[in-house]
Every structure is written in structure tokens, then in C-alpha cells.
Amino acid sequence: MTPDTRNTAKGRIANILSVAGSDPSGGAGVQADLKAISANGAYGMAALTALTAQNTQGVQGVHLVPPDFVTDQIRVVAEDVRIDAVKIGMIATAEIARAVADALPDVPVVLDPVMVAKGGASLLAEDAVVALREALVPKAAVITPNLPEAAALLGCDEAATREAMAEQAQSLRALGCGAVLLKGGHLEGEDSPDVLADADGVHWFEGTRVATRNTHGTGCTLSAALAARIGRAEPLPEAVAEAKAYVARAIAGAGALDVGSGHGPTHHFAGLWA
């Protein structure tokens, strides 16, 4: 279901389901998703795909949730609660990817193809890349890969220019998803541009790179904020702009936090707390 055709009753708070892994340090995964969804005006719910032992310095262990129990979580929530959009993050295995694809309700899906943690640990098995590409990408209203993730999905070199980014975004959309938001944070230079490829063409969203180590969970945060905005029935370009602006504020405000000694989290409630 495309995000610009979903109706949301005026004044009704959107319900957003995050299907992702857990980060006990709170900066990424389901924990970040729930904060970002709340900060963007929606009600957050979660179905866990994996437990991790991690902190701001990296992932030290992963314990997978059985695929049938992942689908049980989604099913039970959907039986009782109206779901307006779904955000999918860490999947980890091909079996979980296909199980999630089969269990998804007919609502807009934002897919963040999480493959590598900020500290470098692999979070997605190699065969799961194929399952994600074949089973989940076609069900997504929007996918939000960074440049390494886009290259992995396409089986090509990582984009190093804006032109290559635009080409890869369109190639990813050809895999069957409604739209692609390709994040340019890995580009060299002072800017951090993102490109959206949708049915109307290619749209650029500019951003200034911030010199900070507080970037843990930025991908989770952006995709969850986008899901919240889409669940609220905002038009896609507007939803992308608002989600990107929100993440920029969260990064800029992260200095107010004192969390860990590695890649610190963003401040999900920057500007909202007194």
C-alpha cells in the first residue's frame, strides 16, 4: 500500500509497529524506534526479531527469536490493534525475513535493511540478503538503505557520487518497492544528501554533515520517524523532509546526553524536553 493513498481519520493517533531487534543500551533497534515514533506524534508498538548484547562500543552477542514467534507477535498485535504503518529493521536470517513477509498486515511498510552495526559487526546473514531482497523489498512502500546496504542489495560497488546514488536508487526501486530513500551519509565531503526515488522521479534532500560521534541508531531513528509520518498519512516527500529534519535535530542535540564512551545515541526528544 502506498503512503499517499492511506486515509487516517482526522485527530486519530496513528499506531506504528516496529519489527526489529533490541538494543539494551537504548540508542538503536526497537528502543530507538519507539522513541522516534513517539517524538513524531504516533503510538509505538514492537515485535522483536532478536536480542543483542551491545552498548555504544559495539555488539558482543546476538540471540535470535524463532521465526514462528516473530510472526506470533505480529499476528497477535494485528488481531487486536489497528496498525497504520510498519517499520522493519534488523531481520538477521532468511527464515525470519520470509516469516515477517508472510505475516505483514496490508499497510504501508518502511524497510530499513539493517546489515552492519555502527561498530562493524554483521547483523544480517548472507543468505538473508537474498530473502530480504526477494520477500520484503517488494512489500515495502519505502526502503531506506545507506550506501553500503544499497550496494549489497544490488550486488555492485558502493556509490561515490550523487549521479551514482540517483542511479542506484532507481535500480533499487525496480526491485519492486514503492519508493527508495537512499541515504548519502557515507559520501565524502561536508554535505550529507539523501535521494528519494518514487513514481514521480528523483528528489534530493540536502543536509549538512555534523562532526560528532553521536550517530548510533541514526538509520533506525530515521526509518521509524518516517513510518510514523507515513502512518499519519503525510505525503511521502513531506514525510521524508520532516523525518530528516527530526534526525538532524536529534543529532545536534545529542551533546546534552551522557551515554557511553563509544558511538553515542542521538537525542530523540531534543527540543521536546524542558
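Me: Helices (H or I, at least four residues) and strands (E, at least two) are DSSP runs, numbered from the N terminus. Which residue follows α1, and what is its phi near?

Reply: This is a predicted model, where local features need pLDDT of at least 70, side-chain atom pairs count only at pLDDT 80 or more, and totals for chains, interfaces and linings use all residues. Residues are numbered from 1 along each chain as its sequence is written, and side-chain values use heavy atoms, leaving out hydrogens and water. Helix α1 covers residues 29-39. The residue that follows α1 has a positive phi: Gly41, near 85°.

Me: What is the mean pLDDT of the protein?

Reply: pLDDT is the predictor's confidence in each residue, from 0 to 100. Over residues 1-7 pLDDT stays under 50. In the protein, 93% of residues reach 70 or more, and the mean pLDDT is 91.

Me: Is Asp23 buried or exposed?

Reply: Asp23 lies in the loop between β1 (15-21) and α1. Buried means under 20% relative accessible area, exposed over 50%, and partly exposed in between (1.4 Å probe, protein chains only). The relative accessibility of Asp23 is 0%, so Asp23 counts as buried.

Me: Which residues does Asp23 touch, not counting those up to four places away in sequence?

Reply: Contact means heavy atoms within 4.5 Å. With residues up to four places away in sequence left out, Asp23 touches Ala28, Gly29, Gln31, Thr52, Gln54 and His216.

Me: Which elements do the buried residues of α1 pack against?

Reply: The buried residues of α1 are Gly29, Val30, Ala32, Asp33, Ala36, Ile37 and Ala39. Their packing partners are β1, β2 (43-55), β4, α7 and α8.

Me: Is Ala92 buried or exposed?

Reply: Most residues other than glycine have a negative phi. Ala92 has a positive phi, near 80°, and lies in the loop between β4 and α3 (94-103). Its relative accessibility is 7%, so Ala92 counts as buried.

Me: What is the relative accessible area of Ala233?

Reply: Ala233 is found in the loop between α7 (218-231) and α8 (236-252). Its phi is positive too, near 70°. Ala233 is partly exposed, because its relative accessible area is 28%.

Me: What distance separates the C-alpha atoms of Asp23 and Ala233?

Reply: Along the chain, Asp23 and Ala233 are 210 residues apart. The separation of their C-alpha atoms is 29 Å.

Me: In what order do the 9 strands form the open sheet?

Reply: Two strands pair if DSSP finds at least two bridges between them. The edge strands, each pairing on one side only, are β3 (58-64) and β9. The pairing in the sheet is mixed, and the order is β3-β2-β1-β4-β5-β6-β7-β8-β9.

Me: What is the bridge partner of Val86 in β5?

Reply: Strands β4 (residues 85-88) and β5 (residues 109-111) pair in the parallel sense over 3 bridges. In β5, Val86 has as its bridge partner Val109.

Me: How many of the residues of β8 are buried?

Reply: In a regular strand the side chains alternate between the two faces of the sheet. In β8 the buried residues are Asp194, Leu196 and Asp198 on one side, and Val195 and Ala197 on the other. Strand β8 is largely enclosed by the rest of the structure, because the buried count is 5 of the 5.

Me: How many residues lie between β8 and β9 in their hairpin?

Reply: β7 and β8 run antiparallel, joined by 4 bridges, and Val180 stands opposite Ala197 in β8. β8 and β9 also run antiparallel, joined by 5 bridges, with Leu196 and His203 as bridge partners. The number of residues between β8 and β9 in the hairpin is 2.

Me: Which residues of α6 are buried?

Reply: The buried residues of α6 pack against elements including α5 (147-154), β7 (179-183) and β9 (201-205). These buried residues are Ala164, Met165, Ala166, Gln168, Ala169 and Leu172.

Me: At what distance from the ring centre of Trp204 does Arg162 lie?

Reply: A charge sits over a ring if NZ of Lys or CZ of Arg is within 6 Å of the ring centre and within 35 degrees of the ring normal. Arg162 lies over the face of Trp204, and the distance from the ring centre is 5.0 Å.

Me: Which residues form the aromatic pair?

Reply: Rings of Phe, Tyr and Trp (its six-membered ring) pair if their centres lie within 6.5 Å; planes under 30 degrees apart count as stacked, over 60 as edge-to-face and the rest as tilted. By this rule the count is 1 aromatic pair. The pair is stacked, at 5.4 Å centre to centre with 15° between the planes, and is formed by Phe269 and Trp273.
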